[in-house]
Amino acid sequence: SDNESVATVSSSGLISARSKGTAVITARAAADSSKYATCTVMVGEVFDYSSTQYSRDLALMCAEYALLAYDEMILTPDGYTDSGKSSESPTLLNTTLAQDGYTDIINRNYGDDKPHNVSYTLAHKEILYKGGPRTLVAVVIRGTDGEEWEGNMDITGASYDASMTDHYSFKQAEIDLRTNTSKDRPGLEIYLSDHGISNPVYLITGHSRGAAVANLLADTLTADAGSSSVFAYTFATPNNTRNPNTARENIFNFCFTNDFVPQVPLTNWGYGKHGTTYTACAENLYATSAAFKRDMDRFVSDSKGKDQATFNAAATASLLSHVEFSWISVQMYYEQPHILGTSIQTLYEFIRGTVASAAMKEISGQAKLVLAATEESVYAPIAQYFVSGSGALLFDDYVYDTHSPFTYYTAVKYSLFN
C-alpha cells in the first residue's frame, strides 16, 4: 500500500481499511518482482440509498436536521427543547452535521429582515455512492423567521398576477439560495464552485417555509442533475406551485392533516407540491401512540410550560372549509374586499397585515387579531382560530403543537406517517 493510513496489506494479501481516503495497492509476482499489478482502493462512507425509495433512516436524519435548523432549539438531558431564544446561527445543527462527517459548514440569512429569502445551511462530505466517489451536499432550510411571515402571504407577489405559476415568495427564496452571488451571502452555486465540487449528490430538507423552498429546490435540481442525484425529505410542506410534478419519486413530503400550513395555498385554488406526500393526523397519533404522546408532553412541558400537548383537527378543518367557501380563487384572495370593523380589507391585506404581524409577535398585530375575532365579519373565524389556538401567547397552543418541527420529527421517529 502506498498509503497505510488508509489501507494496509497483510503478508497473506488481506487488505484492511484504516481511514477514509485512497490508496494504491501493488501486488508483485514472487518469482519475478518486475511483474506486478496495481489497483486503487477507496475507503469511505458508503451512501447506500436509493433516491426513489423511502428510507426511514434518511427521513429521520432529515427530520432531525430540519428541527435543528431552528436556532432556538437546544438539547437538554431530557431531549430537544425550544428555548424560545434566537441566536445568530443554528449551533446545534452545525454540531450535528460536523459529528456526521460534514465539513465547510456555512449558515446564511439567520437574523436578517428580508421577507423573500430563507435561512439555510450548506455542508458537504465525501461518500461512496453507486460504486464510485461522490460529494454529498446537505442543504438544510429553516422555517419562517421574522419578516418571512409577510413573504408567506405573497402568493403571487404584492398583487394578483395570473402568470405566477410558483408561490412568489417561496420561489424568490429558492432562487436566492441557489444563485445569489453577493459577497456577504453567496448561494449554493458559488458554494460548489468555491469548494471544487462537481457532480454532487444533494440531500435537501426543511420544515414549513423551509420545506416549501426545499420542495422547489429539489424539483429544480432534479431537472438538472437527475433524480438519482437528489434526495429530498420535507416536513409540513406548504403548497407551492400550480404545476406540481407528482412524478418526482425522489421527493418525499410529510404533512399532518390537522396542520393548516401544508394545506395552503388551497388545493382548490390550483396549488400543490412536487413529489409524494405522506400524511397523518397528529391528534390521532397523540390518542393512539403512547410513545408519541410521551415525547410530545415532555417537549411542550419543557418548551412552553404546559402540562400536555393540544391538538384540534376539527378547528383546522372548519378553518379551511370557511376559507375555501368564502374565497374560491387566489384572485379573490387578493381582490375581493370585505368589511372589518371600520375598514374594508381583502383577505390578502388581512392575512399579511394582521395574521403575519401577530405571528411576528408584534403587539399591534396581536391586538388587531384579538379584536378581529370579536367582529361580525367574514374574517372573524380566521382570527378566532388563531386566537383560540394560541393559548396565553399567540401561536403557542394547538397551532404550535401541531406545526412544530419536533412534532414531525417525533412522528417520523416512530414511523407513524401513512
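Which residues does S229 touch, not counting residues up to four places away in sequence? S229 touches R134, P200, V201 and Y202, where contact means heavy atoms within 4.5 Å. The structure is a predicted model, in which local features need pLDDT of at least 70, side-chain atom pairs count only at pLDDT 80 or more, and totals for chains, interfaces and linings use all residues. Residues are numbered from 1 along each chain as its sequence is written, and side-chain values use heavy atoms, with hydrogens and water left out.

S229 lies in the loop between α6 (209–225) and β12 (230–235). Helices (H or I, at least four residues) and strands (E, at least two) are DSSP runs, numbered from the N terminus. S229 counts as buried because its relative accessibility is 5%; buried means under 20% relative accessible area, exposed over 50%, and partly exposed in between (1.4 Å probe, protein chains only).

Side chains of opposite charge can pair when their charged atoms come close. A salt bridge is a side-chain nitrogen of Lys or Arg within 4 Å of a carboxyl oxygen of Asp or Glu. By this rule the model holds 18 salt bridges, including those below.

| Salt bridge | N to O distance |
|---|---|
| E45 and K125 | 3.0 Å |
| R142 and D145 | 3.6 Å |
| K171 and E174 | 3.0 Å |

E45 lies in strand β5 (residues 45–46) and K125 in strand β9 (residues 120–129), so their pair ties together parts that are 80 residues apart in sequence. E45 is partly exposed at 25% relative accessibility, whereas K125 is buried at 8%.
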